[in-house]
Amino acid sequence: MGLKVTFIDPRGNPVETEGEPGDNLLKIGQAAGLPLEGTCEGQMACSTCHVIVAAQWFAKLAKPSEEEEDMLDFAAGARRTSRLSCQIDLTSDLDGLTVSVPGESNDARRL
């Protein structure tokens with residue numbers, strides 16, 4: 001069962017993706033070519049996979065851990081609904097999720 005996720009890229013363009021329950025949002029975004037670096041490979045030791053979750057979806061996510069909140073303090077362009085994409089695993093409740101990749105995002109793998 002495919003779950004739809006819309007990423008809004010740093011230029012404001014929607015990028016439609018699809019994943020399966022349990023898929024990690026960071027991996028889905030990277031596979032779609034979005035500038036989500038994920039330097040720490042999902043170990044929550046950086047903030048290079050920071051996304052801004054659409055307000056209507058934010059409350060549907062599991063609460064961030066204290067460690068994630070600490071990492072978000074270092075995220076460029078962080079907002080109230082910011083999360084680390086490496087900490088979001090898809091569930092059926094998240095079918096249709098929309099997240100934005102901040103304009104400040106930079107993927108050093110692409111240099």
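Tutor: Let's start with a cut-off: a residue is called buried when its relative accessible area is under 20%. Keep in mind that this is a predicted model.

Student: Why is glutamate 68 called buried?

Tutor: Glutamate 68 has 2% relative accessibility. Buried means under 20%, so glutamate 68 counts as buried.

Student: What makes the contact of arginine 83 with glutamate 68 a salt bridge?

Tutor: The closest N and O atoms of arginine 83 and glutamate 68 are 2.8 Å apart. The definition asks for a Lys or Arg side-chain nitrogen within 4 Å of an Asp or Glu carboxyl oxygen, so the pair qualifies. This pair links distant parts of the chain, with arginine 83 in strand β4 and glutamate 68 in helix α3, 15 residues apart.

Student: Is arginine 83 buried or exposed?

Tutor: Its relative accessible area is 3%. With buried set at under 20%, arginine 83 is therefore buried.

Student: How many salt bridges does a search of the whole structure find?

Tutor: Two. In one of them, glutamate 18 meets lysine 4 at 3.0 Å, N to O. Glutamate 18 lies in strand β2 and lysine 4 in strand β1, 14 residues apart.

Technical notes: Residues are numbered from 1 along each chain as its sequence is written. This is a predicted model: local features need pLDDT of at least 70, side-chain atom pairs count only at pLDDT 80 or more; totals for chains, interfaces and linings use all residues. Side-chain values use heavy atoms; hydrogens and water are left out. Helices (H or I, at least four residues) and strands (E, at least two) are DSSP runs, numbered from the N terminus. Buried means under 20% relative accessible area, exposed over 50%, partly exposed in between (1.4 Å probe, protein chains only).
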